[in-house]
Amino acid sequence: ATGPDGNTYALDLMRVHTPSEHTFDGIKYAMEIQFEHSGMLNGEKTYMVVSVFLHEGAESPRFVRKIADAARAALDSDEDGSGVVEGLEVEEVPFAAIAQSVLMQTEMPLEISGHIRHEDKSPHPKASYRGREFYADQDASIPNYKAYYYYHGSRTAPPCEQNFRWVLLKHSMEVSSEDVAAMTKLTGSNARTTQKLNGRLIVDSNPF
């Protein structure tokens with residue numbers, strides 16, 4: 001994959017957080033899925049994480065259902081009730097298909113994500129590049145691969161290395177409450193507390 005910085009990265013792993021680790025105007029999404037990539041820049045290893053956000057809705061994407069089904073199966077096999085499982089056995093996950101669905105995602109209908117509202121009555125982050133009036137134009141859809149926030153930060157887990165580049169996709173996807181509950185039951189609430197920006201610059205790919 002080629003990042004916004006023009007560097008080439010390879011996908012290493014995928015992490016699921018419930019609720020989201022990033023917030024928009026202090027609001028967390030039900031789930032954040034992070035696709036962690038690594039590459040070399042100026043002779044040093046560097047990382048790029050692409051985050052997609054999921055709001056509660058009627059149905060999860062197929063790849064999320066697979067992970068949640070694996071979580072439910074793991075919990076069902078926890079015979080002693082310890083809550084400790086060895087790992088998840090997930091049917092082969094087609095990352096090419098996942099990338100296609102995530103990066104081509106456009107805005108959600110207002111009635112689906114209407115619970116995420118701000119002073120301007122938009123269901124999208126107040127810093128978003130388009131408001132309600134523009135979204136009413138169905139021909140104005142811009143996919144996630146052109147709609148994101150980008151900043152230099154750190155890994156969200158210790159030792160919190162600083163050589164991380166974050167790409168936050170603007171358009172959220174649906175996830176069912178049952179799948180959120182399954183993942184949360186397995187991992188607990190595993191989101192890092194919100195951190196201060198500490199002077200970091202957040203770049204908007206489409207600052208309309």
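Modeller: The buried residues of helix 4 are Asp179, Val180, Ala182, Met183 and Leu186. This is a predicted model, where local features need pLDDT of at least 70 and side-chain atom pairs count only at pLDDT 80 or more. Residues are numbered from 1 along each chain, and side-chain values use heavy atoms.

Biologist: What makes a residue of helix 4 buried or exposed?

Modeller: Buried means under 20% relative accessible area, exposed over 50%, partly exposed in between (1.4 Å probe, protein chains only). Asp179 and Leu186 are among the buried ones. Glu178 and Lys185, on the other side of helix 4, are exposed.

Biologist: What covers the buried residues of helix 4?

Modeller: The cover includes strands 1, 4, 5 and 8, and helix 1. Contact means heavy atoms within 4.5 Å.

Biologist: Why are helix 1 and helix 4 called oblique to each other?

Modeller: Their axes come within 9 Å and cross at roughly 50°. Under 35 degrees counts as roughly parallel, over 145 as roughly antiparallel, 65 to 115 as roughly perpendicular and the rest as oblique. Helix 1 and helix 4 are therefore oblique.

Biologist: Which residues of helix 4 make the contact?

Modeller: Glu178, Asp179, Ala182, Met183, Lys185 and Leu186 do. On helix 1, the partners include Arg65 and Leu75.

Conventions:
Axes fitted to C-alpha atoms, helices over the stretch in contact; angles between N-to-C directions. Helix = DSSP H or I, 4+ residues; strand = E, 2+ residues; numbered from the N terminus.
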